[in-house]
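Hi,

Here is the structure I said I would pass on. Have a look at it first, and my notes on the side chains follow below.

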Amino acid sequence: MSWLAEARPSAVPYGDLRLATALAMFCRVEGHYQEARAWLAAALARHPRAPVLLRGAAAADAAMLAMLLCDYSAAAEYASTARAAYRAIGDRRAEARVEMILGAVARERAQYEASAAHLDKAAGIYVECGDELGEARAVQLRGFTAWLAGDFDRAELRLRACRRWFERLGDAEAAASALMNLGAVALYRGDTDRATSLLDAALERYAALGFPEGVGWAHNLRGLVELRTGRADRAEEHLALSLATHRKVGDRWRTASVLEALAEVHRRDDPTRAAQLLADAGRIRDEIGAPIPACERPDTEATAAALRAALGDGTPLPARALIPPV
């Protein structure tokens, strides 16, 4: 990459931009978000007059990676650049991909109606293009947004449909994600046995694929299942693995949620530590501009209320002050 960046333009025209774009999806799957984003940002800055299609593709990948790194303003800016480029050349399928990225940005910001609108638009474009796999992926993300918003009936309807799609189309990663999302729906509906079965299957598939993002998510949700069934030790094991994975790839949105779950794990045995964990999560949320997801809010509010009760007026102020308002 460094050689291409320093090479004469006539040697390999836009070589660093082409290579960074070609590597972006590999880096996403392998969890190398920060490095890949840095390559794209530098190459885009070096080549403001690169062909429209190339700049559009690079900006779309930069938007995806910025979103995964929870830099939502940058993700939206890159996505707007990519969408304008694709509209200029009439590439509707690529435009739909950008709409999905914008839907993901809105989802993590808890702007669920805006997320749904972007994802529905993407699905519609894919239908126009006859792209069945793209449509299935947009429907799955729509289900993802729905369960985070607490709309579990809508989520399950979409996720069941796209799971059948992915199995038939042979998309292993997306099929694993459908299992994970259905596991989340079962969890929040209180069906812990079904959630365990679905999430274990998703975790096995993600591990076989070597997909860190999916492994981290599945451990996160498995930890919540164990919390619901009163097995705090097992919950901590899953959540610790999830936390390590999300920190490694740079996903601060998920890191905050895992810290909040760990606060519940330690609420009884070490309330001061639990309060610190909640405060750490709150600071991350303030920094990235992402509130607690709607489906997670009741549990986090219950943890915070219990800690306020446990750390009463006789508790030293620093420990009490660690509990953020929810």
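For what follows, "buried" means under 20% relative accessible area, "exposed" means over 50%, and "partly exposed" is anything in between. Because of those cut-offs, Arg87 goes down as partly exposed, with its relative accessibility at 44%. Do keep in mind that this is a predicted model.

Glu95 is buried, at 4% relative accessible area.

Arg46 and Asp16 form a salt bridge, with 2.8 Å between the closest N and O atoms. This one links distant parts of the chain, as Arg46 sits in helix H3 (residues 33-46) and Asp16 in helix H2 (residues 15-30), 30 residues apart. Which of those helices' residues is buried? Asp16, at 1% relative accessibility. Arg46 comes out at 40%, so it counts as partly exposed.

Glu132 and Arg168 also form a salt bridge, the closest N and O atoms being 2.2 Å apart. Glu132 belongs to helix H8 (residues 132-148) and Arg168 to helix H9 (residues 152-169), so the pair ties together parts that are 36 residues apart in sequence.

Now for the rings. Searching the whole structure turned up seven aromatic pairs. One of them is Tyr206 with Phe211, a tilted pair at 5.7 Å centre to centre and 55° between the planes. Tyr206 is buried, with a relative accessible area of 1%, and Phe211 is buried too, at 3% relative accessibility.

Then there is an aromatic cluster made up of Phe144, Trp147, Phe152, Tyr188, Trp217 and Trp253. Trp253 has a charged side chain beside it as well: Arg254 lies over the face of that ring, 4.3 Å from its centre.

Cheers

Conventions. Residues are numbered from 1 along each chain as its sequence is written. This is a predicted model: local features need pLDDT of at least 70, side-chain atom pairs count only at pLDDT 80 or more; totals for chains, interfaces and linings use all residues. Side-chain values use heavy atoms; hydrogens and water are left out. A salt bridge is a side-chain nitrogen of Lys or Arg within 4 Å of a carboxyl oxygen of Asp or Glu. Helices (H or I, at least four residues) and strands (E, at least two) are DSSP runs, numbered from the N terminus. Buried means under 20% relative accessible area, exposed over 50%, partly exposed in between (1.4 Å probe, protein chains only). Rings of Phe, Tyr and Trp (its six-membered ring) pair if their centres lie within 6.5 Å; planes under 30 degrees apart count as stacked, over 60 as edge-to-face and the rest as tilted. A charge sits over a ring if NZ of Lys or CZ of Arg is within 6 Å of the ring centre and within 35 degrees of the ring normal.
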